[in-house]
Amino acid sequence: PMVTTLHGWTNHPPLTSLWLYERLDRWSLGGIEAVAVVARAMLELPAVRLLPPAQVRLIENGIPSLAERQAEYATRAAPLPLDVLEWVRRRPTMLAMGRLSQEKGFLLLLEAFARARTGPSSDHQLLIVGEGPQRDELRTRIRALALDDHVLLPGYLEGADRLLEHATGFVMSSLTEGMPLVLLEALQWRPPIVATDRKSVV
């Protein structure tokens, strides 16, 4: 018997390796005895709806409590970089976390942030934590929008949600999501949250 957990699919350009992988992933579901999806909205995905109902289970994502995660960070994770902490503390900062890839919507976030800075939020800055194939494109867009002094891409940081202790709020700009762990982590810190309208999130 074979069981799989399905976290959703992205919209990669046709004929790329990830596009082919996701096509094969969808095709293989019919030969698997049980499929667990991590968000209720995923039950409506066309590839999942083709499966017999008895073959599909909903097991929503979950994470340890904030106290448990903080205790683990204290013993296993590296301290957050001082230069990043100082950058966050210098002005009101919105924090975004995720892989730097198309489905996370960070290009859209940069456009929205540039517009927001023309209004009452002109003193805010944006920290996008993560690594991925879109880094160079994001850097180019940051320069084009004249945001070099207001947006920081520090790369991947273990336990990045600890920055929410100092940030003004959390933003999730994803174009597609299952049940995002970064949002669950952010909710534990109880900051103001801005998120795109995804069925599995709202």
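Predicted model: local features only at pLDDT ≥ 70, side-chain atom pairs only at ≥ 80, totals over all residues.
Me: Which elements each supply at least two residues of the lining of the second largest pocket?
Reply: α5 (106–116), β7 (169–172) and β8 each do. Residues are numbered from 1 along each chain as its sequence is written, and side-chain values use heavy atoms, without hydrogens or water.

Me: Where does the largest share of that lining come from?
Reply: From α5, with 5 residues.

Me: How many of the lining residues are nonpolar, polar and charged?
Reply: The lining of the second largest pocket has 11 nonpolar residues, 4 polar and no charged ones. Nonpolar covers Ala, Val, Leu, Ile, Met, Phe, Trp, Tyr, Cys and Pro, charged covers Asp, Glu, Lys and Arg, and the others, Gly among them, are polar.

Me: Step back a bit. How many helices and strands in the protein?
Reply: The secondary structure comes to 7 helices and 8 strands (DSSP runs numbered from the N terminus: H or I of at least four residues, E of at least two). The C-alpha trace spans about 55 × 40 × 30 Å along its principal axes.

Me: What percentage of the residues is buried?
Reply: Of the 202 residues, 43% are buried (under 20% relative accessible area with a 1.4 Å probe, protein chains only; exposed is over 50%, partly exposed in between).

Me: And what share of the contacts is between residues 24 or more positions apart?
Reply: 69%, taken over contacts with a separation of 6 or more. Contact means heavy atoms within 4.5 Å.

Me: On to α7. At what angle do α3 and α7 pack?
Reply: About 100°, with the axes 10 Å apart. The axes are lines fitted to C-alpha atoms over the stretch in contact, and angles run from 0 to 180 degrees between N-to-C directions. α3 and α7 are therefore roughly perpendicular to each other (65 to 115 degrees).

Me: Which residues make the contact?
Reply: Leu 66, Arg 69 and Gln 70 on the α3 side, and Glu 185, Gln 188 and Trp 189 on the α7 side. That is 2 nonpolar, 2 polar and 2 charged residues.

Me: Which residues of α7 are buried, and what covers them?
Reply: Leu 183, Leu 184, Glu 185, Ala 186 and Trp 189 are the buried ones. Their cover includes α3, β4 (93–97), β7 and β8.

Me: Is Arg 190 buried or exposed?
Reply: Exposed, because its relative accessible area is 74%. Arg 190 sits in the loop between α7 (181–189) and β8 (193–195) and takes a positive phi of about 60° just after the helix.

Me: Last one, Arg 135: buried or exposed?
Reply: Buried, since Arg 135 has 13% relative accessibility. Arg 135 lies in helix α6 (residues 135–144). Not counting residues up to four places away, Arg 135 touches Leu 100, Gly 130, Leu 153, Pro 154 and Gly 155.

Terms used: Parallel < 35°, antiparallel > 145°, perpendicular 65-115°, else oblique.
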